[in-house]
Amino acid sequence: MTASRPHVADSHDVIRVRGARVNNLREVDLDIPKRRLTVFTGVSGSGKSSLVFGTIAAESQRMINETYSAFVQGFMPTLTRPDVDLLENLTTAIIVDQERMGANVRSTVGTATDANALLRILFSRLGEPHVGSPQAFSFNVASVSGAGAVTVEKAGRTVKQRASFEITGGMCPRCEGRGSVSDFDLTALYDASKSLSEGALTIPGYTMDGWYGRIFRGCGFFDADKPIARFTKKELDALLFKEPTRIKVEGINVTYEGLIPKIQKSMLSKDREAMQPHIRAFVDRAITFDTCPECDGTRLSELARSSLIRGRSIADVCAMQISDLAAWAAELDEPSVAPLLTTLRQTLDSFVDIGLGYLSLDRPAGTLSGGEAQRTKLIRHLGSSLTDITYVFDEPTVGLHPHDIARMNDLLIALRDKGNTVLVVEHKPEAIAIADHVVDLGPRAGTEGGQIVFEGSVDELHTADTLTGRHLDDRASLKPELRTATGVIEVRGASTHNLRHVDVDIPLGALVVITGVAGSGKSSLIAGSVAKRDDVVWIDQTAIKGSRRSNPATYTGLLEPIRKAFAKANGVRPAMFSPNSDGACPNCTGAGVVYSDLAMMAGVATTCEVCEGRRFLAEVLELTFGGRDISEVLGMSVAQARAFFSEGEARVPAAATILGRMDDVGLGYIRLGQPLTTLSGGERQRLKLASQMGDKGDVYVLDEPTTGLHLADVEQLLGLLDRLVDSGKSVIVIEHHQAVMSHADWIVDLGPGAGHDGGRVVFEGTPADLVAARSTLTGEHLAAYVGA
């Protein structure tokens with residue numbers, strides 16, 4: 001009897017990629033096994049994200065969107081087809097990326113995961129006394145009421161009817177659901193001893209020579225030559241708070257508005273990270289945020305807080321640690337809301353299973369680290385019954401202690417074992433170890449990458465002659481000689497978030513690593529007690545934002561000295577050498593490409609015919625400096641530009657200094673004019689590091705600088721940290737990477753657990769003492785890492 005032939009439907013067992021050219025990929029051909037766990041490795045910028053996210057996941061999402069009608073697609077984001085010849089056997093992709101959750105002040109862990117929505121329904125059904133529908137417990141809904149006459153068309157006649165309405169919301173009326181109230185420090189807005197004409201205003205951009213000065217002098221609401229300290233109450237109120245008023249100044253109709261509403265509209269409505277550094281510094285100096293005295297930071301109205309279940313209000317349960325809240329929800333036995341309770345318990349248990357039980361639902365979403373945000377997004381997929389899905393992860397071990405990585409690995413394996421295809425972009429050897437299949441991209445980054453240099457099993461990767469293969473077994477050893485501290489930062493009684501009145505001395509003049517499991521209180525200790533000091537430069541994890549018009553030259557401030565050097569050499573204004581200002585090609589407005597919007601179809605970008613993609617006016621490109629025009633300079637790599645601006649007639653020391661810092665962090669290969677949108681997460685992290693290294697300060701605090709870095713790049717980072725300390729700076733690093741721990745002069749370990757099980761210093765001393773004692777989870781993992 002002949003064996004039955006396999007069914008043709010079972011033959012689609014690989015995702016086939018042919019001729020992928022997204023970003024720096026060079027005609028990549030690849031077969032990825034389905035229902036297996038495939039890890040993509042390679043240095044930062046080698047093309048991993050371009051292949052996994054920009055090609056496979058992007059095409060899957062685009063094809064799903066195309067199944068909807070043109071009408072529905074008109075409301076959805078338009079996705080361009082990736083530059084690839086062939087993609088076959090794709091399945092639905094669920095992307096779990098590292099993008100930080102929106103820093104909207106109204107977004108919390110509870111609202112981001114729908115746990116709050118479930119609790120609102122629960123309290124509207126079971127809360128005593130009953131105060132209203134679920135929106136009565138929402139801090140995003142304000143209570144409003146109104147009455148009046150409405151005009152209605154009935155049977156061809158117009159009839160007036162009396163109508164009234166009332167909405168009961170849960171928003172605290174004082175802080176409008178924000179939990180904090182802002183106040184202006186007036187001393188940061190003006191110098192009261194001076195008059196406006198003498199330059200009393202200390203707000204960036206508010207000079208007396210410009211339009212603002214002419215409006216203030218000609219408004220007639222106060223005397224611009226009188227010191228502000230001598231203003232009457234009415235004059236001061238007009239200066240600070242006056243509502244927009246139309247006035248005539250020098251025969252021109254203009255709008256006068258008080259300083260505070262003007263600042264609120266022009267500065268406070270913007271995302272803090274998107275502000276220019278001097279504006280951000282002013283906002284940090286001028287505005288103070290205090291807990292709302294009416295709701296005590298809960299964001300909820302008194303009515304919403306008055307309704308209780310088992311003696312607890314919705315504000316109380318949202319403030320509980322999620323692991324405790326899960327236990328509280330498990331005790332509720334109400335058949336009338338059984339389906340709701342089942343879903344709520346599953347959601348809360350998922351938080352605990354994924355290692356986020358230490359959070360609370362009222363934690364602002366913008367304060368989560370990249371790793372915490374990624375795991376929070378994963379929660380909604382954990383209990384899913386769907387199979388044959390492609391899950392795409394971007395460094396799921398970011399922000400995880402070695403102890404927590406094992407838990408994340410179990411999660412990835414469980415997703416695969418349900419019959420899903422799991423694609424993971426990763427650098428950590430502990431996460432690469434669980435792969436069924438490894439794809440290594442390289443050989444290096446940028447234009448030197450974009451090729452597949454290895455495909456196979458983890459065992460084969462260990463012996464492969466690639467950068468990843470050679471570094472996979474790297475183990476940093478403990479330093480034989482440690483630096484001696486030149487002083488200490490004394491932290492006393494630190495109690496931010498879960499810290500329990502921590503007292504610790506952090507050495508100066510050394511490389512100090514703050515470590516501990518996720519949620520143990522590391523960032524709370526440094527952000528709450530160290531980062532606010534005047535001499536501290538704090539380089540946190542927030543991702544740098546950038547449009548297609550921003551590039552490494554604009555982000556780091558490098559373009560400023562370059563433009564001035566070009567302007568001085570050619571006797572024209574610096575603005576001529578900016579593609580976003582006077583020198584821009586008028587046809588493409590300095591973008592280099594012309595975009596055609598095709599409604600629900602993907603837009604088309606074509607190279608500008610006038611400037612041929614060079615972004616500048618033809619007359620600007622005739623002006624040179626050191627024999628190069630501005631577009632040729634923006635086309636240089638960092639290493640080339642560093643050599644160009646360091647010597648000879650093109651010597652510009654200010655530019656060479658910034659380029660030197662970019663080269664030091666391993667970005668020598670990126671082009672100066674490359675749009676920030678094309679940089680990988682690791683490249684952006686290092687670009688941010690390079691730009692902030694120039695800030696003046698004696699103490700540098702780095703929050704997980706190894707994020708997105710390949711094993712080979714970590715060595716370069718350690719060299720950079722050593723150079724910083726040797727130049728007289730103090731460096732404090734919040735880090736989980738054992739290579740950084742073993743390289744430290746001093747370690748402060750927090751724990752022993754997360755949330756209310758953490759918040760204490762469980763070890764402080766040298767790495768060798770930590771390894772010898774093995775008294776903490778970190779000590780055990782570090783000892784295993786260095787082979788002690």
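Let's start at Asp 582, which sits in the loop between helix H20 (559-570) and strand E20 (593-598). Helices here are DSSP runs of H or I with at least four residues, strands are runs of E with at least two, and both are numbered from the N terminus. This is a predicted model, where local features need pLDDT of at least 70 and side-chain atom pairs count only at pLDDT 80 or more, while totals for chains, interfaces and linings use all residues. Residues are numbered from 1 along each chain as its sequence is written, and side-chain values use heavy atoms, with hydrogens and water left out.

Buried means under 20% relative accessible area, exposed means over 50%, and partly exposed is in between, using a 1.4 Å probe and protein chains only. Beyond its neighbours within four places in sequence, Asp 582 is in contact (heavy atoms within 4.5 Å) with Arg 573, Ala 575, Met 576 and Leu 617. Val 572 is 10 residues from Asp 582 in sequence, and their C-alpha atoms are 11 Å apart in space.

Now, on to the inside. In soluble globular proteins, nonpolar side chains tend to be buried together. A nonpolar core is a set of buried Ala, Val, Leu, Ile, Met, Phe, Trp, Tyr and Cys residues joined through side-chain atoms within 4.5 Å. The largest one has 71 residues, and those with the most contacts inside it are Ile 630, Phe 645, Leu 672 and Val 731. Helix H26 (residues 711-726) gives the largest share of this core, 8 residues. Apart from that core lies another, of 67 residues, including Trp 328 and Ala 754.

What does Ile 630 touch, not counting residues up to four places away in sequence? Its partners are Ile 562, Phe 566, Phe 577, Phe 616, Val 620 and Leu 621.

Let's zoom out. The protein has 29 helices and 27 strands, and buried residues make up 51% of its 788 residues. Its C-alpha atoms fill a box of roughly 95 × 80 × 70 Å along the principal axes.

A cis peptide bond joins Glu 128 and Pro 129, with omega about -5°, and Pro 129 is in the loop between helix H4 (115-126) and strand E6 (144-154). The bond from Gly 442 to Pro 443 is also cis, with omega near 5°. Glu 27, a residue other than glycine, has a positive phi, near 50°.
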